[in-house]
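The sequence and the structure come first.

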Amino acid sequence: MFNFTVGPVQMSEEICKIGGEQVPYFRTSEFSELMKENEYLMRKFTGADTNARVLFITGSGTASMEAAVMNILTKDDKALVINGGSFGQRFVELCQIHKIPYTEVKLDYGQRLEEERLEKYTNERYTCLIVNAHETSTGVHYDLDMLHKFCEKNRLLFIVDAISSFLADPIDMKKQGIDVLIAGSQKALAVSPGISILVLSDKAVKRIEMNHVQSLYFDLKLALKNGERGQTPFTPAVGILRQIHQRLIMIDEKGVDNEINHVHELAIDFRNRIKDLPVQIFSEEVSNAVTALRTKNVSAKKIFDVLKDEYGIWVCPNGGELADKVFRVGHIGYLTIEDNIVLIDALKDLMKRKILV
Ligand SMILES: *Cc1c(COP(=O)(O)O)cnc(C)c1O
């Protein structure tokens, strides 16, 4: 199987091996130490301040998105939510459910966010801006430097869902003024799904400590307290945290910039190879993580089906309105240039067979 989806993605041999091992008891100093190292490396790779805190939530990425909205925001906030696809829409729904006052900045699918679009929200008493660094559903990567400038000018708390762009696109919490960064285990971190990660600035931690949350599991005050000694309030996905530990150490050995550069090279290589194919890049501003492709005269869903059933290659289908128009090719996970060539050869074969036209 060749997995070019956007998660769960292909894992290396070392990581798969850990997945097959017994899961140890975790209220031990050994596990605390592993968690402390996980925290240290997450801070390092996100450019977080030394006093930033890192929480590992057992739950998929959405669990940390929800925990962030519940713990960091209140009814007294006024959030600006960038909504360019299904993950932006998810933050809109979370604000609705948790009764956080918000305004959405709605973009067309695939559309870039221009600075001018934000002008009318200046000096309007917003308190926070929420964005998915990479809107994975459409492949659009937003300009975080531009958003940082806007947040600074308006003194907004900056919440960034970097679930699909952490380790794929450069990010720096300190330089880009990010208060909350969310990551997930099954995207470029390339381990099993089940853990999501919150990296929290001092400001975000203070907000959590002041907030009253109507939830036991999602009250992050407990997680912060336990985290001080490298523990979690409840049984975490211990096996996945061990995989994360191995991955983070391997990334540290080669350098996080090299890791990101590898994803970048895979993406550039793929985009160069599709120039003669009857597909078009869908996004106005791209992430290294994914190339979203618009088909011309064939259903995108059909391409996904044929590649999966006849070639053993998994690309990522789109849902909703884009189901027949767009499919996505991921560049994250344990992939190589040779894998790109396998996919391109299959696409060329589909052209010969007059399926991809
Ligand atoms: C994958 C992803 C999520 C989280 O999805 P889960 O299925 O809950 O892990 C959130 N935001 C973005 C941008 C994503 O790509």
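A polar contact is a pair of N or O atoms within 3.5 Å; within protein, one must be able to donate a hydrogen and the other to accept it, and residues adjacent in sequence count only if both atoms are side-chain atoms.

## Basis of the values

The model is predicted: local features need pLDDT of at least 70 and side-chain atom pairs count only at pLDDT 80 or more, while totals for chains, interfaces and linings use all residues. Residues are numbered from 1 along each chain as its sequence is written, and side-chain values use heavy atoms, with hydrogens and water left out.

## Arg328

The backbone oxygen of Pro317 lies 2.9 Å from a polar atom of the Arg328 side chain. Arg328 belongs to strand β15, residues 326-330; helices (H or I, at least four residues) and strands (E, at least two) are DSSP runs, numbered from the N terminus. With a relative accessible area of 9%, Arg328 is buried. Buried means under 20% relative accessible area, exposed over 50%, and partly exposed in between, using a 1.4 Å probe and protein chains only.

Contact means heavy atoms within 4.5 Å. Beyond its neighbours within four places in sequence, Arg328 has contacts that include Phe4, Val6, Thr136, Ser137, Val290 and Pro317. An unreviewed UniProt entry annotates Arg328 as "binding site". UniProt positions are given in the numbering used here, feature names are shortened, and annotations may be inferred rather than shown by experiment.

The unreviewed UniProt entry lists Lys187 for "modified residue: N6-(pyridoxal phosphate)lysine". Lys187 sits in the loop between β9 (180-184) and β10 (195-200) and is buried, at 8% relative accessibility. Not counting residues up to four places away in sequence, Lys187 touches Val6, Gly7, Val9, Ile163, Ser164 and Ile332.

Around the ligand there are 13 residues, of which Ser60, Thr62, Thr136, Asp161 and Lys187 come nearest; a residue is near a molecule if one of its heavy atoms lies within 4 Å of it. An oxygen atom of the ligand is 2.5 Å from a side-chain N or O atom of Thr62. For the Gln186 side chain, the distance from an N or O atom to a ligand oxygen is 2.8 Å. Gly61 places a backbone N or O atom 2.9 Å from an oxygen atom of the ligand.

## Domains

The chain is divided into domain 1 (13-254) and domain 2 (255-352), with bounds from an automatic or database domain assignment. Taken over C-alpha atoms, the domain centres are 26 Å apart. Domain 1 gives 26 residues to the contact and domain 2 gives 22 residues.

In the unreviewed UniProt entry, "domain: Aminotransferase class V" covers residues 28-315. This span is 41% helix and 18% strand, and its end C-alpha atoms lie 41 Å apart.

## Nonpolar cores

A nonpolar core is a set of buried Ala, Val, Leu, Ile, Met, Phe, Trp, Tyr and Cys residues joined through side-chain atoms within 4.5 Å. The largest has 65 residues, and Leu118, Leu129 and Leu147 have the most contacts inside it. This core lies between domain 1 (13-254) and domain 2 (255-352), because both give residues to it. Apart from it lies another core of 31 residues, including Leu73, Ile100, Ile130 and Leu224.

Leaving aside neighbours within four places in sequence, Leu129 is in contact with residues that include Leu80, Ile82, Leu147, Phe150 and Phe158.
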